[in-house]
Amino acid sequence: LLLSPARPIGVERLSRTAWDRTHMPRDPTHAIQTNVMRLRHHLGPGVIETDHHGYRVAVEKEAVDTHRFSDRAEHAEESLRAGRLRESEEQFTAALADAEGGDPWLDLAGRPRGEGERARLHEVRLRAEERRAALALRLGHPSAGEPERLCAEEPLREERWQLLMRSQVMAGRQADALRSYTRARKLLATELGLIPGRALQTLERRILQQDPTLLHPESVSDLLC
């Protein structure tokens, strides 16, 4: 119900979400009614409403942290596209604060709709972390150790190695940046049997050529090719 707050959800759809075919109750409608009754007892009156379409949770999207996170991340992307960099950074930070509550929709793990939403939120969070780190570099106040942390958490995302290498170059640590490229190349080869993508290869070449423009990124997209 909270996946689609304020929208009525039919009993059949609720049943498919709550149980797989091998565990479907003999009378799904009665089982849903029983569970709704229990929820109402815990949540109080007026939270779960009934109409001819089914049941709905009478709350706004902003009251649900996962939806609030998605909306804030979307607004941050809009601000970034409009060139409002500081506003975008603040919005990404606020969005990520909503994502700190743990693994989203854990109770729906293994359910088709739940897994789809969990995967979408995971990708939005990773992208938000990368955008915020890139904005911090672009605005000249990177968090100490942030690119290293991002690489450690998701070492197969090449965008994170780009951020780490750029932050090292901007700190005057070109040798460390080249060592980071070597680490990324070996990791991709070992884990996936792949070579680094074009953006990462181009960045290594620019570092070897001591490209002075690497010290002053013109945009966030320049940091995340």
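A crossing of two helices is left-handed if the near helix is turned anticlockwise from the far one by less than a right angle, and right-handed if clockwise. Welcome to the close-up views. This is a predicted model, in which local features need pLDDT of at least 70, side-chain atom pairs count only at pLDDT 80 or more, and totals for chains, interfaces and linings use all residues. Residues are numbered from 1 along each chain as its sequence is written, and side-chain values use heavy atoms, with hydrogens and water left out.

**View 1. Helix 8 passes helix 9 in a left-handed crossing.**
Helices here are DSSP runs (H or I, at least four residues) numbered from the N terminus. The axes of helix 8 (residues 174-192) and helix 9 (residues 198-208) come within 10 Å and cross at roughly 150 degrees; axes are lines fitted to C-alpha atoms over the stretch in contact, and angles run from 0 to 180 degrees between N-to-C directions. Helix 8 is therefore roughly antiparallel to helix 9 (angles over 145 degrees count as roughly antiparallel, and those under 35 as roughly parallel). On the helix 8 side, look for Gln 174, Ala 177, Leu 178, Tyr 181 and Ala 184, which touch Leu 200, Gln 201, Glu 204, Ile 207 and Leu 208 of helix 9; contact means heavy atoms within 4.5 Å. This contact has seven nonpolar, two polar and one charged residues. Ala, Val, Leu, Ile, Met, Phe, Trp, Tyr, Cys and Pro count as nonpolar, Asp, Glu, Lys and Arg as charged, and the others, Gly among them, as polar.

**View 2. Helix 3 and helix 4 are roughly antiparallel to each other.**
Here the axes of helix 3 and helix 4 (residues 85-98) come within 8 Å, crossing at roughly 165 degrees. The crossing of helix 3 with helix 4 is left-handed. Among the residues that meet are Phe 69, Arg 72 and Ala 76 of helix 3, and Leu 85, Gln 91 and Phe 92 of helix 4. By class, the contact has nine nonpolar, four polar and six charged residues.

**View 3. Helix 5 and helix 7 run roughly parallel to each other.**
Helix 5 (residues 112-139) and helix 7 (residues 158-170) pack at an angle of about 15 degrees, and their axes are 11 Å apart. Helix 5 passes helix 7 in a left-handed crossing. From helix 5, Leu 126, Glu 129, Glu 130, Ala 133, Ala 134 and Leu 137 meet Glu 159, Arg 160, Leu 163, Ser 167 and Met 170 in helix 7. Six of these contact residues are nonpolar, one is polar and four are charged.

**View 4. The largest pocket holds about 1100 Å³ of space.**
On a 1 Å grid over the protein atoms alone, a pocket is an open set of points where a 1.4 Å probe fits, with protein on both sides within 12 Å along at least five of seven lines; lining residues have an atom within 4 Å of a point. Grid points are joined across faces, edges and corners, and a volume is the space filled by probe spheres set on the points. Of the 37 lining residues, Leu 1, Leu 2, Trp 105, Asp 107 and Leu 108 are the closest to the centre. Helix 1 (11-18), helix 2 (28-43), helix 3 (65-81) and helix 5 each supply at least two residues of this lining. The lining divides into 21 nonpolar, seven polar and nine charged residues.

**View 5. The second largest pocket has a volume of about 220 Å³.**
Its lining includes Arg 13, Trp 19, Met 24 and Pro 112. Helix 1 gives the most to this lining, with three residues. Three lining residues are nonpolar, two are polar and six are charged.

Conventions. Angles under 35 degrees count as roughly parallel, over 145 as roughly antiparallel, 65 to 115 as roughly perpendicular and the rest as oblique.
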